[in-house]
Amino acid sequence: MPTLEIEGKVFEVDGDGFLSEPEIWNEEVAQLIANHDGIGEMNEKHWAIVKIIRNNYEEKGMAPMIRNICKETGVRLREIYELFPLGPARGACRVAGLPKPDGCV
Amino acid sequence: MENLTKETIDKGLEVLDTKNDGKLLTHLNSCVHCGLCADSCTYYRANPEAKYIPATKVDLVASIYRKYQTFGGKAFPKIVGARTLNEETTKEMVDLLFGACTMCARCVSHCSIGVDITYVIKKGREMLSNMGMIPETLQSTINSAIESGNNMSISEKDFVETLEWLEEDLQFEVDDDDAKIYLDQKGKDILYTLNPREPKFFPLSISAMAKVFHVAGESWTISTKMYDVTNYAYYSGNYEEAAIITQRLYDEAENLESKKVVLAECGHGSRAFRWEGPNYIKKEYPFDVITSVELLASYLNEGRIKVDPNKIPEKVTLHDPCNLARSGGIWKEQRYILNECVSDFVEMTPHGIDNLCCGGGGGQLAMSEYNDRRMAIGEIKAEQIRATGAKIVATPCHNCVDQLSQLNVTFKLGIKIMTLGEIVADAIVMENEK
């Protein structure tokens, strides 16, 4: 199984760098993945997006619709793509510790 | 890998039954090992090992055919290079046919004698599918589509709420409270499809097409039951599942009495529904099928929308999706659109039907276990883009968009990636604009 090492910490991941064990996720892990992706120190908007994705995953087993992310965080759609340059799936969902979503992402 | 049963092996070998398949027989026996295909393949270019040469992949399938269906293969397998279908060869097939081919078909157009290499690769994938050896990561996306009706398992409620939200956005954008995103309307000229990643994560391309439809005065609708343009079973080689997905869109077009199905910007989806679909379900379509690229070009050509290229002054290049251009015959339309809509269009080298795959085709985006290879071949694409100096890369395929977005970040290209619908929508001149 591939691993991802960030600042001395080693995580088991899939080939795309999504956590193999989503349950080991916590805020420290989120910040480390964000550091690895070049996002740097996450701001309030980053955290709001990540927490909504994480909560939805824990309740429903999947990432929320982008509409719900926008509605619940108040962050504009285009700004989400700026905050997470890899996009909501490969960027934000990965930071939120979700497995890779199905489909063309 | 577990031991293969005779039953499993027989299921795989069924696919190689050439008695009634002259095409397969021809393409399994024709390779002259000239090696011209090697350099056409980005897997080989990124990592020049013999196993990555397209001819080697063809020979892997052909060697099994020889073992079971030729006198030489049965009597002197070593001499004629015939191999048994067993754990070892199956493992190699999974690794090379699923894990080291985007089915971009560039090798086919470079083959000195015209071997349809991807046809043989698809046959190999079909063998593995029959044997229950489709990579789980790829099958997962197909299962989502079969079970939920779309490959991201979006619920109908979530889908409808998203489109209603986009409709509000459209009304604001075009400054018209009567602008609509029509859902489940019968008897419209166009049934428009989507890639599920649009409503789920990337809806700007839906907004763009809705704006274009509004300005063109189009009669159109989107189905809330079956809108998914993708068909990942085309990649897995499970044609029973491919038929189920095709039949659903066919049924919905019939149900809504649509005159024309317009396929969203999706390379494999366009190919799977338009060109392969009638073969999957073994009947012709009673409705027309075109891609949105052709539709956008026709709007411009017929003057149904007006555009101003000065609205997009940045240098723009174009990435041709393999399934649309090389294997789908659509490569002039996107150039016509860009020449009309942007002021500085520059081609990549090579381009059009000789374009290099982005690296995400063939189901590679889904199969994360081969991610390192995908990024290695993607680097060739990244450098091709960088050499153009473009700030915007337009591409009529959501799968390519995702791969290019990852290349953009990984290789620090500093580009913006847009669909053609987004380009056209940005260039549109509204009636009330001076």
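Modeller: The model is a predicted one. In chain B, 4 strands make up an open sheet, arranged in the order 2-1-3-4 with parallel pairing. Strand 2 (220-222) and strand 4 (288-291) of chain B are at the edges; each has a single partner strand, so one side of each has no neighbour in the sheet. On average, neighbouring strands of this sheet are turned by 30° against each other, direction ignored.

The pairing of strand 2 of chain B can be followed in detail. Strand 1 (residues 190-192) of chain B is joined to strand 2 of chain B by 3 bridges, and the two run parallel. Within this pairing, Tyr192(B) stands opposite Ile222(B), a residue of strand 2 of chain B.

As for the contact between the chains, chain B contributes 29 residues and chain A contributes 19 residues. On the side of chain B that touches chain A, the elements giving two or more residues are helix 10 (136-148), helix 11 (156-173), helix 12 (197-200) and helix 20 (398-410) of chain B. Helix 20 of chain B supplies the largest share of that side, 6 residues. By class, the side of chain B that touches chain A comprises 14 polar, 9 nonpolar and 6 charged residues.

Notes. Residues numbered from 1 in each chain as written. Chains lettered and ligands numbered in written order. Predicted model: local features only at pLDDT ≥ 70, side-chain atom pairs only at ≥ 80, totals over all residues. Contact = placed C-beta atoms within 7 Å. Nonpolar A, V, L, I, M, F, W, Y, C, P; charged D, E, K, R; others polar. Pairing = 2+ DSSP bridges. Axes fitted to C-alpha atoms, helices over the stretch in contact; angles between N-to-C directions.
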